[in-house]
Amino acid sequence: MERTGEDHPRPPTLVRRCAEFARWAIPGAILVLLPKCPACLAAYIAIGTGVGLSIPAATYLRTLLVILCVASLVYVAARPVGRLIALIFTAKQ
């Protein structure tokens, strides 16, 4: 949270709150809506874009999407933990 000159925390704006929600919601929604079957993923991509994918390519794409979404969620979850640890260690001094 940003600080003003008098060392009081500034309340988050609507844009900042929406961005924080989107950081959690977008990767989570992709993981929830991602089909388990690579053939279904290939079919969804073909219907949505008109581009056909082979089953091995869809398998690699699905794996890549899962890895990216999980990494994104881990990063978003680790930021507050890092701030909390920094706050704890600076408060002890």
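The model is predicted, so local features are described only where pLDDT is at least 70 and side-chain atom pairs only at pLDDT 80 or more, while totals for chains, interfaces and linings use all residues. Residues are numbered from 1 along each chain as its sequence is written, and side-chain values use heavy atoms, with hydrogens and water left out.

The chain has three helices and zero strands, where helices (H or I, at least four residues) and strands (E, at least two) are DSSP runs numbered from the N terminus. Read along the sequence, this gives the pattern α-α-α. Of the 93 residues in the chain, 9% are buried; buried means under 20% relative accessible area, exposed means over 50%, and partly exposed lies in between (1.4 Å probe, protein chains only). Contacts are heavy atoms within 4.5 Å, and among those between residues at least 6 apart in sequence, 43% join residues at least 24 apart. The accessible surface of the chain is about 7,300 Å², and carbon and sulfur atoms account for 72% of that area. Accessible areas come from the Shrake-Rupley method with a 1.4 Å probe, and for residues only the protein chains shown count as cover.

The helices can now be taken in turn. Helix α2 covers residues 38–49, and its 12 residues reach 16 Å from first C-alpha to last, close to the 16 Å expected at 1.5 Å a residue. That expected span is 1.5 Å times one less than the number of residues in the helix. After α2 comes G50, which has a positive phi near 85°. Helix α3 covers residues 55–91; its 37 residues reach 54 Å between the first and last C-alpha, close to the expected 54 Å. Within α3, the buried residues are A58, C69 and V76, and they pack against α1 (14–33) and α2.

Helix α3 also contains V81, a partly exposed residue at 46% relative accessible area.

One salt bridge is counted, a salt bridge being a side-chain nitrogen of Lys or Arg within 4 Å of a carboxyl oxygen of Asp or Glu. It links E20 with R23, whose closest N and O atoms are 2.8 Å apart. The two residues are three apart in helix α1, so about one helical turn separates them. E20 is partly exposed at 35% relative accessible area, and R23 is likewise partly exposed at 35%. S72 lies in helix α3 and is partly exposed at 28% relative accessibility.

Finally, the cysteines. The structure holds zero disulfides, a disulfide being a pair of cysteine sulfur atoms within 2.5 Å. C37 is in no disulfide, and the nearest cysteine sulfur, belonging to C40, is 3.7 Å away. C37 is partly exposed, with a relative accessibility of 32%, and C18 is partly exposed at 45%.
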